[in-house]
Amino acid sequence: MDPLGWMSNLLSGLYTIFTLFWGKAKEMVMLAEKMRAKLLSGSTSQATGTNDEEIGTKEEMQELLLSVGIVSPVTKESAGALYHQQLSRQLADFSKIPLERAGGMINLIDIYCLFNQARGKEVMGSSCGNNLWQKCKVRLQLISPDNLLRACSLWEKFDVPVMLRKFDSGVMVIQSKNHSDDEVFTRIRSMVTTPDALRAGITASDAATTLGIAPDMANEHLLAAEGKGLLCRDVSPDGFRFFVNLLQEVDADDIFLVKDYGIFHTWVKAVSSAR
């Protein structure tokens with residue numbers, strides 16, 4: 001057989017396999033969506049006796065489901081005048097797993113990338129044939145930053161478990177409604193009252209490692225804690241370092257009183273031992 005004939009037969013066979021594969025892909029995505037719904041319902045009513053193996057399995061399932069994509073992405077053609085309302089609800093549903101993996105808060109830019117990635121995967125999985133047509137179709141299905149922001153702003157009108165939040169610095173995030181800043185502040189306070197942190201402070205990277213979140217999100221939490229009067233900030237060419245606010249330990253009636261207890265006393269001991 002000549003090379004061209006052999007290549008033609010090979011491509012024909014590959015195309016047949018490809019067609020059969022995509023014929024089942026839609027069914028697999030629908031099955032994954034059912035599993036995703038079950039996983040989400042389980043996360044809201046999970047038992048207290050969850051062991052490490054179950055937690056690891058759950059995290060693996062979340063990773064797999066995020067890679068599947070969205071079965072029926074909302075488009076302007078399908079939703080018409082209700083486009084932003086339907087997009088808002090779909091985005092709220094999609095955000096549950098990424099939020100759970102990110103500790104209850106995720107940067108708006110990150111969710112924009114994840115959401116568009118999921119929509120793009122669905123389009124690529126539901127179309128066959130000319131590659132150029134596929135790419136054009138993907139571009140039509142991706143949402144713009146303005147549409148994302150508008151969809152997020154509608155959450156306050158709907159009964160959804162997520163919300164849009166804007167920090168004083170201007171950074172915008174998506175946050176679970178059951179996320180508690182007080183819990184984060186408690187963990188940060190525990191970090192800055194260790195002997196090493198009392199001497200040298202902590203950075204956003206230190207907080208990110210302990211809290212298990214991105215450094216930019218950790219920095220926003222540190223700035224928020226500073227705004228609450230829990231921390232003080234030291235600015236140097238190396239960046240920001242945050243320390244516990246010892247001014248809260250000062251007795252207003254006797255500012256020269258050195259207590260032999262509390263955080264201030266611990267700070268004195270930590271600094272003295274470092275000399």
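Which residues in α11 meet P215, A218, N219 and L222 in α12?

What we have here is a predicted model, where local features need pLDDT of at least 70, side-chain atom pairs count only at pLDDT 80 or more, and totals for chains, interfaces and linings use all residues. Residues are numbered from 1 along each chain as its sequence is written, and side-chain values use heavy atoms, with hydrogens and water left out.

The chain has 13 helices and five strands. Both are DSSP runs numbered from the N terminus: helices are H or I with at least four residues, strands are E with at least two. Of the 275 residues, 35% count as buried. By that I mean under 20% relative accessible area; exposed is over 50%, and partly exposed lies in between, with a 1.4 Å probe and protein chains only. If you take contacts between residues at least 6 apart in sequence, 58% join residues at least 24 apart. A contact here is heavy atoms within 4.5 Å.

Now back to my opening question. The α11 residues are A204, A207 and A208, and they meet P215, A218, N219 and L222 in α12. The two helices pack at an angle of about 105°, with their axes 8 Å apart. That makes α11 roughly perpendicular to α12, a label that covers 65 to 115 degrees; under 35 would be roughly parallel, over 145 roughly antiparallel, and the rest oblique. The axes are lines fitted to C-alpha atoms, for helices over the stretch in contact, and the angles run from 0 to 180 degrees between N-to-C directions.

Let's stay with α11 for a moment. Its buried residues are A204, A207, A208 and L211. Looking down the axis of α11, these fall within an arc of 100°, so they line one face of the helix. The arc is taken over the directions from the helix axis to the C-beta atoms. As a reminder, an α-helix has 3.6 residues a turn, so residues three or four places apart point the same way. Among the elements covering the buried residues of α11 are α9 and α12. After the helix comes G212, with a positive phi near 75°.

Is T203 buried or exposed? At a relative accessible area of 17%, T203 is buried. Setting aside residues up to four places away in sequence, T203 touches L222, F240 and R241.

On to α9, which covers residues 181-192. This helix has twelve residues and reaches 16 Å from its first C-alpha to its last, close to the 16 Å expected at 1.5 Å a residue. The expected span is 1.5 Å times one less than the number of residues. V184, F185, I188, M191 and V192 are the buried residues of α9. Seen down the axis, they lie within an arc of 115°, so this helix too has its buried residues along one face. Turned away from that buried side, the opposite face carries the exposed residues D182, E183 and T186. At the start of α9, a side-chain oxygen of S180 reaches to within 3.3 Å of the backbone nitrogen of D182.

What do the buried residues of α9 pack against? The list is α10 (195-200), α11 (204-211), α12 (215-227), β4 (231-236) and β5 (239-244). Take α12 from that list: the axes of α9 and α12 come within 10 Å and cross at roughly 90°. So α9 is roughly perpendicular to α12. Here D181, V184, F185 and I188 in α9 meet H221, L222, A224 and A225 in α12.

One more residue in α9 is S190, which counts as partly exposed at 45% relative accessibility. The C-alpha atoms of S190 and V244 are separated by 9.6 Å, and these residues are 54 apart along the chain.

That leaves α12 itself. At 1.5 Å a residue, its 13 residues should span 18 Å, and the end C-alpha atoms are 18 Å apart, which agrees. Buried in α12 are M217, A218, E220, H221, L222, A224 and A225. Their cover includes β1 (105-107), β3 (172-176), α9, α11, β4 and β5. Just after the helix, G229 takes a positive phi of about 85°.

Key
A polar contact is a pair of N or O atoms within 3.5 Å; within protein, one must be able to donate a hydrogen and the other to accept it, and residues adjacent in sequence count only if both atoms are side-chain atoms.
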